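This briefing goes through a protein chain by topic. Please look at the sequence and the 3D structure below before reading on.

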Amino acid sequence: DKYIQQDAGDQENAFQLAFTLQLILSGLFTVLMLVTMPIWAFAFGTREILLPGLALAAAMPAAAFQAPLWTFYRRLDYLRQRRLQMADPLVSIVVTLGLAAAGLGYWSFVIGTICGAWAAALVAVRASPYRLRITYQRGIAREYASFSGPLLFQGACAAVISLGPVMVAQRTLGTAAVGAMAIANNISVYANRVD
């Protein structure tokens, strides 16, 4: 959000600064996911989520490489942005359905998600109007944190708030109930966005 609203004289440098911060944040989130996944497996009482959760961490760095999509949003070129973003759901669906048909079960979702995220990253990098370069400028993290920090905090609060009901549902009703809750949440979020 901060990158999109900025009006720097050198847009390539502004993009590279934002990309660098996103790369750092994605790296930190990947490490956090790897470290906390055993805790989540214990908290939910389901060892079966450990390996898929650890594998899904491989999709996190792809978020940083999807940063070039921000440039199209900033330029109000929504059609190009949406066309490029289609790589993720299309690849995810094709890979997931193909692997599910081959009998891979829930691993088809894990592998499909990872493939979709990296396909979108490859498409975004290829279409990027700017070179991807790691660039850091003193004070830029503080500037971005002051702008985006409240948004990150809001997202973290939403995750914590939803965690309680999910844990109770897992313990009392099982994994199928958690899946039903996730589907209902996704439909609700999508409906709100469309509205």
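In what order do the elements of the chain run from the N terminus on? They run α-α-α-α-α-α-α-α-α-α, and the chain has 10 helices and 0 strands. Helices (H or I, at least four residues) and strands (E, at least two) are DSSP runs, numbered from the N terminus. This is a predicted model, in which local features need pLDDT of at least 70 and side-chain atom pairs count only at pLDDT 80 or more, while totals for chains, interfaces and linings use all residues. Residues are numbered from 1 along each chain as its sequence is written, and side-chain values use heavy atoms, with hydrogens and water left out.

**The chain as a whole**

- Taken along the principal axes, the C-alpha atoms of the chain fill a box of roughly 55 × 35 × 35 Å.
- Of the 195 residues in the chain, 31% are buried; buried means under 20% relative accessible area, exposed over 50%, and partly exposed in between (1.4 Å probe, protein chains only).
- The chain exposes about 12,300 Å², and carbon and sulfur atoms supply 68% of this area. Accessible areas come from the Shrake-Rupley method with a 1.4 Å probe, and for residues only the protein chains shown count as cover.
- Among contacts (heavy atoms within 4.5 Å) between residues at least 6 apart in sequence, 74% join residues at least 24 apart.

**Helix 7**

- Helix 7 has 15 residues and reaches 21 Å from its first C-alpha to its last. This is close to the 21 Å expected at 1.5 Å a residue, where the expected span is 1.5 Å times one less than the number of residues.
- The buried residues of helix 7 are Ala87, Ser92 and Thr96. They cover an arc of only 130° around the axis, which puts them on the same side of helix 7; the arc is that of the directions from the helix axis to the C-beta atoms.
- These buried residues pack against helix 6 (78–85) and helix 8.
- On the other side of helix 7, Val94, Leu97 and Ala101 are exposed.
- Ser92 has a relative accessible area of 13%. Not counting residues up to four places away in sequence, Ser92 touches Gly112, Thr113 and Gly116.

**The salt bridge**

- Side chains of opposite charge can pair when their charged atoms come close.
- The count comes to 1 salt bridge, defined as a side-chain nitrogen of Lys or Arg within 4 Å of a carboxyl oxygen of Asp or Glu.
- Arg131 forms a salt bridge with Glu12, and the closest N and O atoms are 3.2 Å apart. Arg131 lies in the loop between helix 8 (107–127) and helix 9 (140–172) and Glu12 in helix 2 (residues 11–44), so the pair ties together parts that are 119 residues apart in sequence.
- Arg131 is exposed at 53% relative accessible area, whereas Glu12 is partly exposed at 23%.

**Other surface features**

- Most residues other than glycine have a negative phi.
- Leu76 is not a glycine, yet has a positive phi of about 65°. Leu76 lies in the loop between helix 5 (68–74) and helix 6 and is exposed, at 57% relative accessibility.
- Ile24, Leu28 and Tyr136 form a nonpolar patch on the surface, with about 330 Å² of accessible area together. Patches are made of residues with over 30% relative accessible area and no salt bridge: like charges are joined within 9 Å, nonpolar side chains (Val, Leu, Ile, Met, Phe, Trp, Tyr) within 5 Å.
- Tyr136 is in the loop between helix 8 and helix 9.
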